[in-house]
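Let's walk through this protein together, one topic at a time. Keep the picture in view as you read.

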Amino acid sequence: MNIDTEMVDYIAELSRLELQAGEKQAMTAELERIIAYMDVLNRLDTQGVEPMSHVFPVKNVLREDTVAASQDRDELLAGSPAGDKEAFLVPKAVE
(Lines give C-alpha, C1' and ligand atoms only; values in the text may rest on other atoms or scores of the structure.)
Protein backbone atom coordinates (compact mmCIF):
# COMPACT_ATOMS: atom_id res chain seq x y z
CA MET A 1 0.00 0.00 0.00
CA ASN A 2 1.32 3.40 -0.93
CA ILE A 3 0.87 6.09 1.72
CA ASP A 4 0.67 9.66 0.43
CA THR A 5 0.38 13.00 2.21
CA GLU A 6 -3.40 13.03 1.69
CA MET A 7 -3.66 9.79 3.67
CA VAL A 8 -1.40 11.22 6.38
CA ASP A 9 -3.56 14.37 6.53
CA TYR A 10 -6.68 12.21 6.86
CA ILE A 11 -5.17 10.07 9.63
CA ALA A 12 -3.90 13.19 11.42
CA GLU A 13 -7.39 14.70 11.26
CA LEU A 14 -8.94 11.53 12.69
CA SER A 15 -6.30 11.54 15.43
CA ARG A 16 -6.78 15.26 16.03
CA LEU A 17 -3.09 15.93 15.42
CA GLU A 18 -1.47 18.91 13.77
CA LEU A 19 1.58 17.86 11.80
CA GLN A 20 4.14 20.21 10.30
CA ALA A 21 5.45 19.59 6.76
CA GLY A 22 8.58 17.78 8.01
CA GLU A 23 6.51 15.67 10.38
CA LYS A 24 4.17 14.69 7.53
CA GLN A 25 7.09 13.37 5.49
CA ALA A 26 8.42 11.43 8.48
CA MET A 27 4.94 10.06 9.25
CA THR A 28 4.50 9.00 5.62
CA ALA A 29 7.73 6.99 5.75
CA GLU A 30 6.83 5.53 9.16
CA LEU A 31 3.37 4.44 8.03
CA GLU A 32 4.85 2.82 4.90
CA ARG A 33 7.26 0.84 7.11
CA ILE A 34 4.36 -0.26 9.34
CA ILE A 35 2.28 -1.40 6.35
CA ALA A 36 5.31 -3.24 4.90
CA TYR A 37 5.74 -5.10 8.20
CA MET A 38 2.04 -6.01 8.24
CA ASP A 39 2.52 -7.48 4.74
CA VAL A 40 5.36 -9.64 6.12
CA LEU A 41 3.08 -10.84 8.93
CA ASN A 42 0.27 -11.55 6.45
CA ARG A 43 2.58 -13.88 4.51
CA LEU A 44 3.24 -16.07 7.56
CA ASP A 45 1.66 -19.52 7.56
CA THR A 46 -0.75 -19.57 10.49
CA GLN A 47 -2.57 -22.72 9.44
CA GLY A 48 -3.34 -24.78 12.54
CA VAL A 49 -2.42 -22.01 14.99
CA GLU A 50 -5.04 -21.58 17.69
CA PRO A 51 -6.33 -17.98 17.95
CA MET A 52 -5.83 -16.35 21.32
CA SER A 53 -7.21 -13.28 23.00
CA HIS A 54 -4.06 -12.48 25.03
CA VAL A 55 -0.38 -13.25 24.77
CA PHE A 56 -0.25 -14.33 28.40
CA PRO A 57 -2.76 -16.63 30.11
CA VAL A 58 -5.49 -14.59 31.75
CA LYS A 59 -7.19 -15.65 34.96
CA ASN A 60 -9.63 -13.95 37.25
CA VAL A 61 -7.76 -12.44 40.19
CA LEU A 62 -10.84 -11.10 41.94
CA ARG A 63 -12.20 -12.68 45.06
CA GLU A 64 -15.46 -14.58 45.08
CA ASP A 65 -18.59 -12.55 45.84
CA THR A 66 -19.86 -13.32 49.30
CA VAL A 67 -22.87 -11.92 51.10
CA ALA A 68 -21.86 -10.03 54.22
CA ALA A 69 -23.62 -7.81 56.69
CA SER A 70 -23.32 -4.09 55.96
CA GLN A 71 -22.76 -1.26 58.39
CA ASP A 72 -25.56 -0.19 60.71
CA ARG A 73 -27.49 2.72 59.15
CA ASP A 74 -27.90 4.63 62.42
CA GLU A 75 -24.17 4.31 63.10
CA LEU A 76 -23.29 5.63 59.64
CA LEU A 77 -25.71 8.57 59.84
CA ALA A 78 -24.67 9.51 63.38
CA GLY A 79 -21.78 11.68 62.16
CA SER A 80 -23.68 13.51 59.45
CA PRO A 81 -24.59 17.18 59.96
CA ALA A 82 -28.01 16.62 58.37
CA GLY A 83 -29.95 13.42 57.93
CA ASP A 84 -33.49 12.16 57.96
CA LYS A 85 -32.80 8.76 59.57
CA GLU A 86 -32.78 7.24 56.07
CA ALA A 87 -30.05 9.04 54.12
CA PHE A 88 -27.54 11.88 54.11
CA LEU A 89 -29.06 15.26 53.25
CA VAL A 90 -26.87 17.54 51.15
CA PRO A 91 -27.41 20.96 49.59
CA LYS A 92 -28.77 21.00 46.06
CA ALA A 93 -25.85 21.14 43.63
CA VAL A 94 -27.65 21.31 40.27
CA GLU A 95 -30.39 23.75 39.41
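## How to read the model

A residue counts as buried under 20% relative accessible area, as exposed over 50%, and as partly exposed in between, using a 1.4 Å probe and protein chains only. This is a predicted model, in which local features need pLDDT of at least 70 and side-chain atom pairs count only at pLDDT 80 or more, while totals for chains, interfaces and linings use all residues. Residues are numbered from 1 along each chain as its sequence is written, and side-chain values use heavy atoms, with hydrogens and water left out.

## The overall picture

The protein has 3 helices and 0 strands, so its elements read α-α-α from the N terminus on (helices are DSSP runs of H or I with at least four residues, strands are runs of E with at least two, and both are numbered from the N terminus). The radius of gyration of the protein is 29 Å, whereas a compact globule of 95 residues would have one near 12 Å. That radius is taken over C-alpha atoms, and the globule rule is 2.2 Å times the number of residues to the power 0.38. Along the principal axes, the C-alpha atoms fill a box of roughly 70 × 45 × 20 Å.

## Surface and contacts

Take the contacts between residues at least 6 apart in sequence: 23% of them join residues at least 24 apart. Here, contact means heavy atoms within 4.5 Å.

## Two salt bridges

Side chains of opposite charge can pair when their charged atoms come close. A search of the whole structure finds 2 salt bridges, each being a side-chain nitrogen of Lys or Arg within 4 Å of a carboxyl oxygen of Asp or Glu. One of them joins the side chains of Asp-9 and Lys-24, at 3.0 Å from N to O. This pair links distant parts of the chain, 15 residues apart: Asp-9 lies in helix H1 (residues 5–14) and Lys-24 in helix H2 (residues 21–42). Asp-9 is partly exposed at 33% relative accessibility, and Lys-24 is partly exposed at 24%.

In the salt bridge between Glu-30 and Arg-33, the closest N and O atoms are 2.5 Å apart. Because Glu-30 and Arg-33 are 3 residues apart in helix H2, about one helical turn separates them. Glu-30 is partly exposed, with 35% relative accessibility, while Arg-33 is exposed, with 52%.

## Places outside the helices

Where is Arg-16 found? Arg-16 sits in the loop between H1 and H2, and its phi is near 55°, a positive value in a residue other than glycine. Arg-16 is exposed at 79% relative accessibility. Gln-20 is also in the loop between H1 and H2 and counts as exposed at 54%. From Gln-20 to Leu-62 there are 42 residues in sequence and 47 Å in space, C-alpha to C-alpha.

Ala-78 belongs to the segment after helix H3 (73–77) and is exposed, at 63% relative accessibility.
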